[in-house]
Amino acid sequence: MSVRGVDKVFGTGRERTEALRRIDLEIPQGAFVSLIGPSGCGKSTLLRLIGDLTQPSVGTIEVNGKTAHRARLDRDYGMVFQSPVLFDWRTVQRNVELPLEMTALGRTQRAARAAAMLALVELAGFERRYPWQLSGGMQQRVAIARALSFEPALILMDEPFGALDEMTRERLNLELLRIWKQTGTTIVFVTHSIPEAVFLSTQVAVMSARPGRILEVISVDLPQPRNDLTREDARYFGFITRVRERLRGHDVAPPRAAEVAASG
Amino acid sequence: MRRLRYYGPAVAIFVGVLAVWEIAVRAFGIQQFLLPRPSAIAAAFTEHFDELVTVGGNTLVEAVGGLLIGGVAALAVALATARWTAASRALLPFAIAANSVPIIAFAPIMNNWFGVLNPLSKMMVVAVLVFFPIMINTLRGLTLVDRSSLELMRSYAATELAVFTKVRIPNALPYVFTALKVSATLSLIGAIVAEYFGGARSVLGQFIITEAAFFRFANAWAAIVVASAVSIAFFLIIVAIERVAIPWHASSRSAESS
């Protein structure tokens, strides 16, 4: 996945707002990339550009060698929003089947895939329930199952856990990492939580305030698989500090192993 | 037991009002043609039961027929206006203008067009009457869709048809039923008022006019009771259909599952 020289401008004349300026971003296959920045920095806009929900003013976006538009028509994307966006009139299972209904898949195949995806997010047994009978965290897991259901090459997540309490969020972070490992998909994840970005990602793209630019892409080479112990790792805190300083506009040297060993 | 506690107060008030009415009419010697006693209305009701059932049934047929004609037209226009902005620009002003016309004034014209004795003339008055509330509510339901829902469908490269059948139409159903519930009572009022402008003898409007003309006010009152009962029944039938059609909607959810 690559974004090259992308600008995004909304409106014209006095209404003109420059949302994104000269965005370049390379995302390798199977990566977990977080976009982080102050609110209004255009991180959601960048996600929507990648997903072809809106078009860049200048520049190109390629996904697996295709244009973003082609990739959307080929159903290469799975979207997860901050709100689960489940349909009240569909059971959990039928919500997960929704994207599959756009494909040529038959009824039994759809049901089988939905069951597999629900098992993956540990919601087996809830197929017949309605979304409004589930808790917020469970609803968001259904949304993730739905995004995974047609095995998209790229999952785009826009603050998916932003509305959840801290404990649910931490549990879902672990689940998401497990699913990411199991499916080998590429994930682009928008968040405004620094610890969340560091914990989840292989790369954190730190963005500036409007007009949004990518200040730095920090590679988070914490060991995989990550788990509860990661959150106690001194290097984890080192990366959090580094992202925070970068957001503030300071340039700091990356933490060296020796320093970490000395302090930890 | 729980049912009794739930409906008890309403039943008590109903019985109480009837008792006060009965006693007041007797105590103050109120003339029958001003206000008949409830017992007299009940007697008229039993005496003319068969006729009232026929008369009420005929009016109900007009109301239901009119609601079907008006409803189908309203749904079609709402779907067209939701799908094509051009259609919305072309049709909406007329729909709003039509709504501002006193529909009942059309009744003599409808009689002229479709024939005084033809139930279709009453159905058309009802159809015009219910068209606007159903159309405007349906249109609201079709267009008031969460932006994320539409983006989700867009990310699936869903066709316009899929967006309608899988998102917009299910989203509109609760609005449609709200409009239908309002229209159920409205359609009966429309049918009866249209009947005042002439029609077959065996309909509620004409029955009330004739009985009142002959000072048989107890009979007229009995017909009014029938009209209310039919109206309530029509409303409840639509509520029942709603529960079956959209069990997922908040209005139908049972209390224990939250």
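Me: How many residues does the contact take from chain A and from chain B?
Reply: This is a predicted model. In it, chain A puts 18 residues into the contact and chain B puts in 16 residues.

Me: Which elements of chain A give two or more residues to the side that touches chain B?
Reply: Those are α2 (68-73) and β6 (77-80) of chain A.

Me: And by class, what is on that side of chain A?
Reply: The side of chain A that touches chain B has 12 nonpolar residues, along with three polar and three charged ones.

Me: Switching to sheets. In what order do the four strands of the open sheet in chain A come?
Reply: The order is β2-β1-β4-β5 (chain A), with antiparallel pairing.

Me: Why is one side of β2 and of β5 in chain A left without a neighbour in the sheet?
Reply: β2 (17-26) and β5 (66-67) of chain A are at the edges and have a single partner strand each, so one side of each lacks a neighbour in the sheet.

Me: How many bridges pair β1 with β4 in chain A?
Reply: Four bridges, in the antiparallel sense, between β1 (residues 2-10) and β4 (residues 58-63) of chain A. Within β4(A), Glu62(A) is the bridge partner of Ser2(A).

Me: Now β9 of chain A. How many of its residues are buried?
Reply: Four of the five residues in β9 (residues 203-207) of chain A are buried, so the strand is mostly covered.

Me: Which way does β3 of chain A run against β9(A), parallel or antiparallel?
Reply: Parallel, with four bridges between β3 (residues 32-36) of chain A and β9(A). Leu35(A) has Ala205(A) as its bridge partner in β9(A).

Me: What do β9(A) and β10(A) form?
Reply: A hairpin, with six residues between the two strands. β9(A) and β10 (residues 214-219) of chain A run antiparallel and are joined by five bridges. Gln203(A) is bridged to Ser219(A) in β10(A).

Methods
Residues are numbered from 1 along each chain as its sequence is written. Chains are lettered from A and ligands numbered from 1 in the order in which they are written. This is a predicted model: local features need pLDDT of at least 70, side-chain atom pairs count only at pLDDT 80 or more; totals for chains, interfaces and linings use all residues. Two residues are in contact if their C-beta atoms, placed from the backbone, lie within 7 Å. Ala, Val, Leu, Ile, Met, Phe, Trp, Tyr, Cys and Pro count as nonpolar, Asp, Glu, Lys and Arg as charged, and the others, Gly among them, as polar. Two strands pair if DSSP finds at least two bridges between them. A residue is buried if 20 or more other C-beta atoms lie within 10 Å of its own, exposed if 12 or fewer, and partly exposed in between; C-beta atoms are placed from the backbone.
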